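Biologist: I have a sequence and a fold to look at. Please walk me through the model.

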Amino acid sequence: MSQRDDLQRPPLNTETIQTFVVDACGGDMEIVLEMVDFFLSSAAGLVAEMESSLAGENLSVVRRAAHSLKSSSRMFSAERLADLCALAETRAEQEGGVNVAELLPHMQAELTWLVIELPATCRGMMGESGTVISKQWDSKQ
């Protein structure tokens with residue numbers, strides 16, 4: 001992914017977020033925000049787990065973490081992150097992890113973007129602007 005690609009990200013798909021997050025929470029803003037916060041925290045942890053597992057050459061953990069993050073990313077319309085995870089999962093399985101490490105910075109870039117974009121999108125969908133998802137994520141912006 002080039003820097004130019006980063007500038008041309010499409011907006012998150014609000015229909016996907018509506019189906020998998022908002023509707024699942026019964027439209028309760030507080031629960032939606034908790035789910036977003038949990039996803040962002042978990043995603044960062046899974047990327048870190050992939051990185052440390054690569055260093056230890058534990059490819060089964062890399063595959064599992066990539067698979068888990070791929071699935072949850074799709075629920076939050078984070079398609080680029082999901083696609084990177086699918087690629088990492090395949091590379092870990094077929095190439096022995098040789099080219100997985102080069103995907104990690106791209107995953108981190110997607111997470112950095114999502115920390116800003118996902119809460120803003122959800123706030124807009126829920127009709128409530130200015131709400132901070134989490135002090136943890138707000139301080140990283």
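Biologist: In which loop does Glu 57 lie?
Modeller: First, the ground rules. This is a predicted model, where local features need pLDDT of at least 70, side-chain atom pairs count only at pLDDT 80 or more, and totals for chains, interfaces and linings use all residues. Residues are numbered from 1 along each chain as its sequence is written, and side-chain values use heavy atoms, with hydrogens and water left out. Helices (H or I, at least four residues) and strands (E, at least two) are DSSP runs, numbered from the N terminus. On that numbering, Glu 57 sits in the loop between H3 and H4.

Biologist: What is the phi of Glu 57?
Modeller: Most residues other than glycine have a negative phi. Glu 57 is not a glycine, yet its phi is positive, near 55°.

Biologist: Is Glu 57 buried or exposed?
Modeller: Buried means under 20% relative accessible area, exposed over 50%, partly exposed in between (1.4 Å probe, protein chains only). Glu 57 has 68% relative accessibility, so it counts as exposed.

Biologist: And Ser 77, buried or exposed?
Modeller: Ser 77 lies in the loop between H4 and H5. Its phi is also positive, near 65°. At 7% relative accessibility, Ser 77 counts as buried.

Biologist: Which helices does H5 pack against with its buried residues?
Modeller: H5 has 16 residues and reaches 22 Å from its first C-alpha to its last, close to the 22 Å expected at 1.5 Å a residue. That expected span is 1.5 Å times one less than the number of residues. The buried residues of H5 include Leu 81, Leu 84, Cys 85 and Ala 88. Their packing partners are H4 and H6.

Biologist: What separates the C-alpha atoms of Val 47 and Met 107?
Modeller: Val 47 lies in helix H3 and is buried, with a relative accessible area of 1%. Its contacts, not counting residues up to four places away in sequence, include Leu 69, Met 107 and Leu 111. Val 47 and Met 107 are 60 residues apart along the chain, but their C-alpha atoms are separated by 7.3 Å.

Biologist: How many disulfides does a search of the whole structure find?
Modeller: A disulfide is a pair of cysteine sulfur atoms within 2.5 Å. Cys 122 is buried, at 1% relative accessibility. Its sulfur is 9.3 Å from the closest cysteine sulfur, in Cys 25, so it is too far for a bond. The search finds zero.

Note on methods. Contact = heavy atoms within 4.5 Å.
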